[in-house]
Amino acid sequence: MFAFASLYTQIPGLYGPEGILPARRMLRPQGKGRWQQLWETPTLLWEAPRLGLDTAQGLELLSLLGALLALGALLLSPLRHPAVFLLLWAAYLSACQVGQVFLYFQWDSLLLETGFLAVLVAPLRPAFHRKQAPQGGQAGALPHEGLPFWLVRWLLFRLMFASGVVKLTSRCPAWWGLTALTYHYETQCLPTPAAWFAHHLPVWLHKLSVVATFLIEIAVPPLFFAPIRRLRLAAFYSQVLLQVLIIITGNYNFFNLMTLVLTTALLDDQHLAAEPGHSSRKKTAMSRPKALLATLSLLLELAIYGFLAYGTVHYFGLEVDWQQRTVHSRTTFTFHQFSQWLKTLTLPTVWLGVASLAWELLSALWRWTQVRGWLRKLSAAVQLSLVGTATVALFLISLVPYSYVEPGTHGRLWTGAHRLFGTVEHLQLANSYGLFRRMTGLGGRPEVVLEGSYDGHHWTEIEFMYKPGNLSRPPPVVVPHQPRLDWQMWFAALGPHTHSPWFTSLVLRLLQGKEPVIRLVQSQVARYPFHKQPPTYLRAQRYKYWFSQPGEQGQWWRRQWVEEFFPPVSLGDPVLETLLRQFGLQDKNPPRARGANSTLAQALHWTRTQLSPLEAPSLLWGLLMAVGAVRVVQALLAPWSLRSSPSAVAIGQKHRPAPQKDSGATSEQATPAPSPCSSSSRTTRRKK
């Protein structure tokens, strides 16, 4: 919902006919068959002309439908269906096909991969059709339902492990010197106000935080597949801690929220349960073999914690200085030693995945043998076969991008996995990850500042809504919205403007005074300094920014001019025309008026008019608050609807327990059901 709604607010300025990179240029029929064209460029936007819409209008329609479908799935259980998630995945894949550089972020790929897994995770039938088994499990739970959740855990493992490894394989001196966080808070794309305070923490604490990051991202992920439940829970809470701290100090849109969703695959029903009478159950005497097994599990768990602690102290040279009350840390291993370790470890992690998946498949097969009734057994066998095959195929596909972390392992993979990955690579079913590979801005945060002028002598800075500019303006909080132009401005500042061809198109649109692009800079056009008349000249300067020091009243930033980033140009300037021609940004075929008077196009225009006064973060938080309010009302009305529903009374009469001699057991069975969807006193969730 956040991804679609955030993208919707930016479509006219990014992809419209007067946008920075018009989407229509990405979909030009080349005389191929309809299905071949759809397979090579998989996007539903090929069908936009049939609806009387241009490509940008089709993208708006897809974004609106995607946001509404996601909103509906949050509120209504029947919409949590594989078909709905398949539509959401297809809609976002369609947008990515025309999104160009503004949709090339790793979290866009992660959302696509997660979205496709959601198709497998979602149940084929509503939860209220499931009856509870006497042992507390679900009699209606199907044998295959644990397999998709295993794929979610595998995706989380690949994401975190690769993100930790690339920090060291990049040979970045800041990561190797454990000083990365002394720069990160002020040099990240869109810091929050909390980042200013985090930046001024002691250096030793920053270095210790880097050590903790390596521990959480490299050492902890293998515990995702641990057979001991408490190890998986410890891994879960460590990942949650990391993601929450990132959310507090940086605006990374929906990425960290999505990672938090992935971590829930490490939980189980027992940890999430809030069952009546659960805490008052009598503990049955444990048999001697089970007691021995529990003791061995505890010893193994303690051994693993001790191994992680020893490894952290040894490899990062942790020493406590009691006099200065600090912790000294340094890397005690070399790049060569780490490379050898990675070569030794990467292939075993692949086999770890194979072994864990094999166990899940055998467990699913065992659950299938427990199914009663030949018709149910046949149906479960078909579903288990289909989901099991899909799970194995997706695992094999994912091995190829995962092995990018270590070239030797990549070359030793089964050739069939490479062929399978090559066949579906354009569908982005599996991707490689590696966040914060290198720390930028070690000598100061580079920032591009646009300036406009009417006479070429007096220049006025153009302030963006979200990225740093004005020294006295505090960093904003915009999560879960992603202002994609502001993000690309951060990347553009890292090199010459020729490495970011879209920047020339941005300059052209601002010189032309195109309102959709101006709204990307300032949603309230009156705040744009050239809203009455476009500037005659535009140029860009490169500065270096630093957070202000404590005690500097009214200042959040300091800056220093570095160089000219983009030369002064005007409309018709030979320099501008040459750049537009060089980057292929000249619009040789003006857009044809299509569907301007159609009912659908008018409805899209009316919707845009109604929503345009709202700033994107306000719109997204408004959606979230609406979801929360509706869910609270649903929770309050649930007990009343249960009491007043004739079907609920009938169900209660049908399953009324027989009298028991044990009064405690009788009172526990007679506890009212907490949900109208329950057919007995307790309802457990499917095991993740």
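## Aromatic contacts and a buried strand

Trp175, Trp176, Phe214, Tyr315, Phe316, Phe333, Phe335, Phe338 and Trp341 form one aromatic cluster. The model is predicted, so that local features need pLDDT of at least 70 and side-chain atom pairs count only at pLDDT 80 or more, whereas totals for chains, interfaces and linings use all residues. Residues are numbered from 1 along each chain as its sequence is written, and side-chain values use heavy atoms, with hydrogens and water left out.

**Exercise 1.** Describe the geometry of the aromatic pair formed by Tyr252 and Phe436, and state which parts of the chain it ties together.

*Solution.* Begin with the search of the whole structure, which finds 42 aromatic pairs (ring centres of Phe, Tyr or the six-membered ring of Trp within 6.5 Å; planes under 30 degrees apart are stacked, over 60 edge-to-face, the rest tilted). Tyr252 and Phe436 are edge-to-face, at 5.6 Å centre to centre and 85 degrees between the planes.

**Exercise 2.** Determine how enclosed strand E5 is, and name its pairing partners.

*Solution.* In E5 (residues 537-547), 8 of the 11 residues are buried, so the strand is largely enclosed by the rest of the structure (buried is under 20% relative accessible area, exposed over 50%, partly exposed in between, with a 1.4 Å probe and protein chains only). Then take the pairing (at least two DSSP bridges): E5 is antiparallel to E3 (residues 445-453) over 9 bridges, with Val449 opposite Gln541, and 9 bridges also join E5 to the antiparallel strand E6 (residues 557-569), where Val569 is the bridge partner of Leu538.

Note on methods:
Helix = DSSP H or I, 4+ residues; strand = E, 2+ residues; numbered from the N terminus.
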